[in-house]
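Dear colleague,

Please find below the structure that I am handing over to you, together with its sequence.

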Amino acid sequence: MAKLLVTGGAGFIGANFVRFWRRRYEHDELCVLDALTYAGNRASLSSFDNDPGFTFVHGDIRDYDLVTRILRDREIDTIVHFAAESHVDRSIHGPDEFIDTNANGTHTLLKAAKFAWLDQGSGRTHRFHHVSTDEVYGTLGPYDPAFTEHTAYTPNSPYSASKAASDHLVRAYHHTFGLAVTTTNCSNNYGPYQFPEKLIPLFLINALHGRALPIYGDGQQVRDWLYVDDHCLGICRVLADGRVGEVYNIGGNTELPNLQVINQLCEHLDALIGGDPELAARFPDSPAARGIPTSSLKTYVKDRPGHDRRYAIDTGKITSELGYRPGHDFRSGFAANLEWYLKNESWWREVMDGSYRKWTKQQYGK
Ligand code: NAD
Ligand code: TYD
């Protein structure tokens with residue numbers, strides 16, 4: 001039986017990971033440590049309230065004493081580290097929190113893990129798994145080969161730079177101190193529980209309210225989209241059979257320009273809402289409810305500063321070494337995702353009415 005500490009487990013990918021893990025390993029002990037920032041939502045984990053093997057600790061990864069206590073008292077043998085500030089736009093408006101949480105926070109966790117697992121000589125077999133992003137590799141031209149694990153780091157945003165710093169620290173704690181680490185660098189995820197500031201949930205919810213869909217620049221930026229459960233699957237494969245000290249890239253082999261994703265979202269909503277009077281009554285401000293194409297909301301706005309043009313992941317290593325293959329194609333994953341948001345209106349309403357509103361007001365005065 002494994003004893004996991006999942007940092008950032010109340011966020012988008014962390015909450016999906018806890019679910020994914022529990023479906024596979026019903027007897028493992030799961031402890032989530034989350035500071036419940038604007039992006040963390042305790043409600044995303046409410047289905048675990050009666051799970052005796054699940055504990056939620058409201059706390060900060062930068063709190064060394066707290067982390068050390070959790071590792072010792074709960075005899076944690078595996079850390080899966082998701083906690084981070086994760087939104088590029090926020091990192092442009094306020095980089096400090098990104099450096100603090102992503103670089104310093106990861107370092108605090110590493111120090112605590114070293115103390116608990118190595119210095120105190122518990123002799124416990126352990127793993128520190130670090131969840132990172134493909135954005136550390138920078139940007140690609142249209143004909144460049146996809147990122148491999150050997151691509152040089154060239155982060156372009158404060159977010160990706162802070163994640164790059166954390167990746168280097170994880171690597172250093174393995175090489176210098178012998179901490180048993182693995183790292184995964186993953187492409188853009190989509191799926192349930194994603195905070196509605198990222199492209200897909202933001203555009204979906206804006207469309208439901210008849211609000212503009214703000215397309216940065218020409219909308220031809222390319223991302224490699226992966227359904228969140230397939231990211232979780234990749235992490236599970238690395239935890240099970242990945243080589244200690246190694247890095248694995250995870251991606252969906254689904255490179256799409258933003259405009260194509262946005263058009264697909266618009267067409268999907270037209271069909272769903274246009275063909276369902278009950279949905280049309282629930283979202284009367286959506287163009288589709290009034291027989292107008294959702295694409296009429298598309299609005300080109302000023303580009304994001306330093307906007308990376310293209311990301312693409314070469315999944316050769318994780319595929320050949322660990323037999324990893326994503327289980328969802330974009331069409332089916334995307335449809336399932338939209339359905340989830342339509343069914344779980346109370347989840348995103350709560351999120352939109354709270355912290356996100358406050359932040360956008362502060363930053364943009366709207
Ligand atoms: P998210 O913003 O939805 O969630 C982050 C979580 O971390 C939140 O629950 C938040 O409360 C928590 N947190 C933040 N600061 C904390 C702190 N100091 N102490 C404890 N908890 C804290 O992020 P996400 O999209 O779920 O991303 C999770 C991880 O995956 C991040 O490390 C991110 O860099 C990485 N990643 C994300 C994507 C993506 O497409 N979303 C892709 C690749 C990698
Ligand atoms: P995002 O979801 O923020 O992820 P990332 O920046 O980490 O890739 O954005 C995905 C793409 O969508 C990215 O190219 C920026 C673009 N985008 C917009 O055009 N408009 C928006 O309002 C947002 C949030 C993103």
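**Findings**

Asn253 is located in the loop that joins strand S10 (247-250) to strand S11 (255-257). With a relative accessible area of 53%, Asn253 is exposed, because exposed means over 50%. Its phi is near 50°, a positive value in a residue other than glycine. Most residues other than glycine have a negative phi. Please bear in mind throughout that the model is predicted.

Leu36 also has a phi near 50°, again positive in a residue other than glycine. Leu36 sits in the loop between strand S2 (29-34) and strand S3 (54-58).

**Overall form**

The protein has 12 helices and 12 strands. Its C-alpha trace spans about 65 × 50 × 40 Å along the principal axes. For 366 residues, a compact globule would have a radius of gyration near 21 Å, and the 20 Å of this protein agrees with that. Of the 366 residues, 55% are buried.

**Ligand 1**

Ligand 1 is surrounded by 30 residues, and the closest are Ile13, Asp34, Ser86, Tyr159 and Lys163. A polar backbone atom of Phe12 is 3.0 Å from an oxygen atom of ligand 1, and a polar backbone atom of Phe82 is 2.9 Å from an oxygen atom of ligand 1. On its own, ligand 1 has 840 Å² of accessible area, of which the protein covers 97%.

Which elements give two or more residues to the shell around ligand 1? They are helix H1 (12-24), strand S5 (127-133), helix H5 (158-177) and strand S7 (188-190). S5 provides the largest share, three residues. By residue class, the shell around ligand 1 holds 13 nonpolar, 12 polar and five charged residues.

Ser91 may be considered alongside this site, as its side chain reaches the backbone nitrogen of Tyr159 at 3.1 Å, and Tyr159 is among the residues closest to ligand 1. Ser91 belongs to helix H3 (residues 88-93), and its side chain also reaches the backbone oxygen of Val88, at 2.8 Å. Ser91 has 0% relative accessibility and therefore counts as buried.

**Ligand 2**

The shell around ligand 2 has 17 residues; Glu135, Pro214, Arg223, Arg304 and His307 are the closest. An N or O atom in the side chain of Glu135 is 2.5 Å from an oxygen atom of ligand 2, and a polar side-chain atom of His307 is 2.7 Å from an oxygen atom of ligand 2. Tyr216 contributes through its backbone, with a polar atom 2.9 Å from an oxygen atom of ligand 2. Taken alone, ligand 2 exposes 510 Å², and the protein buries 96% of that area.

Helix H6 (199-208) and strand S8 (213-216) are the elements that give two or more residues to this shell. The shell around ligand 2 consists of seven nonpolar, five polar and five charged residues.

**Helices**

Helix H7 (residues 228-241) has 14 residues, which should span 20 Å at 1.5 Å a residue; its end C-alpha atoms are 20 Å apart, in agreement. H7 is mostly covered, with 11 of its 14 residues buried. Among the buried residues of H7 are Asp229, Asp230 and His231, as well as Val228, Leu233 and Ile235.

The buried residues of H8 include Leu259, Ile262, Leu265, Cys266, Leu269 and Ile273. An α-helix has 3.6 residues a turn, so residues three or four places apart point the same way.

Finally, Gly333 lies in helix H11 (residues 330-343) and, at 0% relative accessibility, counts as buried. Gly333 and Gly53 are 280 residues apart in sequence, and their C-alpha atoms are 29 Å apart in space.

Yours sincerely

Notes: Residues are numbered from 1 along each chain as its sequence is written. Chains are lettered from A and ligands numbered from 1 in the order in which they are written. This is a predicted model: local features need pLDDT of at least 70, side-chain atom pairs count only at pLDDT 80 or more; totals for chains, interfaces and linings use all residues. Side-chain values use heavy atoms; hydrogens and water are left out. A residue is near a molecule or strand if one of its heavy atoms lies within 4 Å of it. A polar contact is a pair of N or O atoms within 3.5 Å; within protein, one must be able to donate a hydrogen and the other to accept it, and residues adjacent in sequence count only if both atoms are side-chain atoms. Accessible areas come from the Shrake-Rupley method with a 1.4 Å probe; for residues, only the protein chains shown count as cover. Helices (H or I, at least four residues) and strands (E, at least two) are DSSP runs, numbered from the N terminus. Ala, Val, Leu, Ile, Met, Phe, Trp, Tyr, Cys and Pro count as nonpolar, Asp, Glu, Lys and Arg as charged, and the others, Gly among them, as polar. The expected span of a helix is 1.5 Å times one less than its number of residues. Buried means under 20% relative accessible area, exposed over 50%, partly exposed in between (1.4 Å probe, protein chains only). The radius of gyration is taken over C-alpha atoms; the globule rule is 2.2 Å times the number of residues to the power 0.38.
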